[in-house]
Amino acid sequence: MDFSMSHLIIASMLVPVFGGLILTRFDNKPNLREAVTLVTAIVVFVINILIYQGLDWSQADAVVNSKFSIAEPIEGLSVTFSATPFGSMFALIASGLWIATSTYAIGYMRAHHEKHQTRFYLLFALAIAGVMAVAYSDNLFTLFLFYEVLTVSTYPLVTHAGSRNARRGGRNYIRILMGSSILFFLPAMIIVWFVAGDLTFTQGGVLEGNLDAVWTAPLLLLFLFGISKAGLMPLHRWLPSAMVAPTPVSALLHAVAVVKAGVFSILKVIVFIFGTDFITQTQANDWLLFVPLFTIVAASLIALQKDNLKERLAYSTVSQLSYIVLGALLANKLGVLGGSMHIAMHAFAKISLFFAAGAILVTTHKKNVSQLSGLGRQMPFTFAVFTIGTLSIIGLPIFGGVWSKWYLVSGGLEFSGAELTFWAVLTALAISSMLNIYYLLSIPVKAFFMPADNEDVGIKEAPIPCLIGMAIPTAITIYLFFDPSLFYELSATLTKA
Amino acid sequence: MIDYIVGHINYWLIIAVMMVGLYTLMSRSNLIKKLAGLAMFQTAVILFYVSLGKVDGGTVPIVAEGYTLYSNPLPQVLMLTAIVVGVATTALGFALVIRIKEAYESVEEHEISQMDEKE
Amino acid sequence: MNEQLTILLVVIPLIAAPITALFKNKDIAWAITLLVSTACFVLSVIIMLDVIDGKHVIYELGGWRPPWGIEYKIDALNAFIALIVSGIATISSIYAKSSVEHEIDDSTIPLFYAAFQLCLLGLLGIALTGDVFNLFVFLEISSLSTYALISMGKHRKALTAAFSYLILGTVGATFFLIGVGFLFAASGSLNTADIAQRFETFAHMQLVETALIFMVLGIALKAAVFPLHSWLPNAYSQAPSAVSVFLSATATKVSIYALYRVLFDLYPVQYWVDMLMPQILLSLGCVAVIYGSYRAWQQVEMKRLLAFSSVAQIGYMIIGLALLNQNGLTASIMHLFNHAVIKATLFMGAGILLYRANTTDLGSLRGMGRDIPWSFAAMVIAGLSLIGVPGTVGFITKWYLLESAIETGQWIVVVTIVIGSVLAIGYVWKIVESLYFRSSRKVHIHAVESGDDSVGKTPIGMAVALWIGAGLCIFFGLNTDLSFDAATTAALSLLKQ
């Protein structure tokens, strides 16, 4: 078969949409409906692999032969897509984990007796389509459009339960995400257009020579806060709020797809709109780095105090996302590389953690960390998964997370800006790793070694589909330690001169 | 100066009528008086047009021997339309006043707005 | 052939209106109205396609040659306005069926539709004619029928709203008439093209300047340009829903169109530039944007909120005009169209709420959005367009306006647009918040006879019309071929470039 790249890219967005529409036909046949979801997920993944194979590695930025527009509302401002290694990485992760999540969701949604499951699967598929569009967007305008689409399409998933609580969470969600993107991201984009006359993602950025050095930092700050999906404090509140959603949503969307769309956008903006060299020259990052640094530490501290497991994980995500922003803001080769790899590494580890949390909820209906004592003996598999995820996030060897942390720290060491910032980076990284151990590792320790509240009920795990879903990302986490080359290569193109 | 004033006497009168109309329109609270003011205002404009078309010493614009100077007939024709518009406006206004009277039991603007505010 | 079509646009509703009034049956009256609007729409499209590349279509009424006879001279601008008016009329007619039956007594429905058609006739006439006195006549035809339509509102406040609109509207129209009289006295002609052509010969007369001031004042009153907008909020909020939809989208737009004609075609641009009129209009426009948006934000009743938002949006059109360059004028003309679509959609949404809950008071409508999720979604799309989010029509206008402001160095406009957009977020969010996020007060159904289950669901016609509007908001936000080409051609011909 002879597929051109543009067809594949279009397909990666349309297949989830059609899959979603088809599965609504099977409202009364859950088995068939979920089969459709799974098949769709697999097809989308295959499409993304095909795109990956067709990538043109010679250029890191837009690949000419795969670039195509679908609309041009204003001259020079078009809705354009193209396949780039970095975009392909994001798409691969999201679509690959969609398979795992779909499998997991089958067990979870049924065991939890969630309502409106058809709607759930439909919206999930639409959100994935939005993620694909973000991943393959060729300019900032397209990215912005689908960034917003993603916000809107995931909103009903957050409020899925329909309860008062869910609605309040949803209100925060939509207000912060939409508000910040319109108030900061949009003006920032418009400023870039009027300054540089171009919004296309270009190697080396479009701003150099067009923007006065003084204005670099304020503009960058607009982007950092505008793209609030990246969860920089103080605009992180939406993420804990979104935890009212069903666990598969929290797992895929709020540990992988949506939040990663945020950091993905920030990386794209820093590397392809500003250009890392330009940022280093203007030293805009000297003080901007404190924003992610503060978030890393503060979010870890808050996570410590959270008893609700999903909320603790959410704050952990906020903290980890800032690692990626940090890597990007370091604006050197290793930092960007580390940040980009952390997108992948954190995705696999964090989704495992969320799956485990969901499995605990489904099986024992326990939501809080304080209730987990001794539960490890009842659910050994779940807690094994949890432990592996935790260790990977902390960044210990034989788990994938070590590599991204490695590059991040190397990037920090290579940082050539202000002295104070340099030490702050290193200190924050060290402190946060400690805190990671504290607030994450304490959970499996408690579950395995503390005496149980009630008597031993023997082994009672979550439904089989949940376990399969959990096994996939966990296995990948371990595999990535031994062979991170895939994500390394995809990330390395970001820093190609 | 005197010549100027006397020579344009028609315009001065029209302006006076117009101002009386506008003043009534704005100062009266009674809706019917308002409409009367509006009608006067419109009439002033009609007079203005008609006097525009008058040419000194001109006659009716019918081609006949011995006459070379005609008044411009166009403004008068236009005003036929404007009169129709004015009549329609006034009629519609009165219809509304009747409905307002039915609904509010009053045609005084300040009483009506008081009633509206209370709701 | 097309010359004959232009007059048909006026003749069809003129003949159909009295016929409609003769029927006693409300369904027949509605069907005729729909037929008439659709016919006008089709004719407008045909004419539009003919003139979009800059051609003219000329029709001489009764075969009298201009400047003695009345001439219809159609260029891209006329056709564009006719297209907006007839297009919105069609959508409103689809929408009107159930809405009108709900709000107006059966016996007066045929009269309502007759007045509706007369209003359509008047607005189309203004859009087509090339004769200033004829323009006055059509202005009065549309105004008189508008007063009647507004007075048919459900609440008795509609009567006073219609009455004060009648007083102010008549004063405005009479001002225009005085202006025409002065200009006639100076030029001896009523034909736009003729006056413009011979302008030099009488330009020195004081009368000409007075004429311009009177005409501009009169039109500004009809167009609700700040500070002459006081009639608008009451009129729009008290009118029957279908009338609000139609008027908000067309009536003020047509008056703005008349303003273009007077300022650009009747008078040479330099003439009123010397009178400092652009500066005055620009300041008024800026104040209108901020004042209107702020007042909208304060409102607690949805239709009033939307009406004040209209005051602000008219401000954008005036700003675009006053910037006096191609982009600004293009933005202004496009905004006629874009705003028509947006506001019509929002008023349709408000009408649906009125239909379902018998009130448009935001406090009483709490939580109502959750009962009508689809209609609510359509309203959100229109709301986003009002803010100017990319991907929607509102963005396009603001973009060109910004571009024009930056070209001309009018930073005050940039600031105004930013503040206006922020306030727009505020009032749109206010609607969203009350309709969706507030917990419902179960009092929202007022004065509905028990057992009347028709209010239990939205009539199909209303829903279809609403979604056509929402669809157009997105479609013309992504594909601007038609609106942009038409607006550019029109702007160029106005600027004589």
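This is a predicted model: local features need pLDDT of at least 70, side-chain atom pairs count only at pLDDT 80 or more; totals for chains, interfaces and linings use all residues.
Colleague: Which chains have the most contacts among the two pairs that touch, and how far apart are the nearest C-alpha atoms of chain A and chain B?

Modeller: The most contacts are between chains B and C, whereas chain A and chain B do not touch, their nearest C-alpha atoms being 33 Å apart.

Colleague: How should I read the packing of H14(C) with H15(C), and at what angle do their axes cross?

Modeller: Two packed helices are described by the angle between their axes and by the distance between those axes. Here the axes of helix H14 (residues 302-322) and helix H15 (residues 326-357) of chain C come within 9 Å and cross at roughly 175°; because angles over 145 degrees count as roughly antiparallel, H14(C) is roughly antiparallel to H15(C). Among the residues making the contact are Leu306(C), Tyr316(C) and Met317(C) of H14(C), and His335(C), Leu336(C) and Phe347(C) of H15(C). The contact of these two helices has twelve nonpolar, seven polar and two charged residues.

Colleague: Which residues touch the most other members of the largest nonpolar core?

Modeller: Of the 419 residues in that core, they are Met189(A), Ile266(A), Phe80(C), Val85(C) and Leu124(C). Helix H9 (residues 247-274) of chain A gives the most to this core, with 20 residues. Leaving aside neighbours within four places in sequence, Ile266(A) is in contact with Phe223(A), Leu224(A), Ile227(A), Ala230(A), Val325(A) and Ala328(A).

Colleague: In what sense do S1(A) and S2(A) pair, and which way do the residues of S2(A) point?

Modeller: Strand S1 (residues 68-74) of chain A and S2(A) pair in the antiparallel sense over four bridges, with Phe68(A) standing opposite Phe81(A) in S2(A). The hairpin of S1(A) and S2(A) has two residues between the strands, and Gly76(A) takes a positive phi near 90° there. Strand S2 (residues 77-81) of chain A is mostly covered, with five of its five residues buried: Leu77(A), Val79(A) and Phe81(A) point one way from S2(A), while Ser78(A) and Thr80(A) point the other way.

How values were computed:
Residues are numbered from 1 along each chain as its sequence is written. Chains are lettered from A and ligands numbered from 1 in the order in which they are written. Two residues are in contact if their C-beta atoms, placed from the backbone, lie within 7 Å. A nonpolar core is a set of buried Ala, Val, Leu, Ile, Met, Phe, Trp, Tyr and Cys residues joined through C-beta atoms within 7 Å. A residue is buried if 20 or more other C-beta atoms lie within 10 Å of its own, exposed if 12 or fewer, and partly exposed in between; C-beta atoms are placed from the backbone. Axes are lines fitted to C-alpha atoms, for helices over the stretch in contact, and angles run from 0 to 180 degrees between N-to-C directions. Angles under 35 degrees count as roughly parallel, over 145 as roughly antiparallel, 65 to 115 as roughly perpendicular and the rest as oblique. Ala, Val, Leu, Ile, Met, Phe, Trp, Tyr, Cys and Pro count as nonpolar, Asp, Glu, Lys and Arg as charged, and the others, Gly among them, as polar. Two strands pair if DSSP finds at least two bridges between them.
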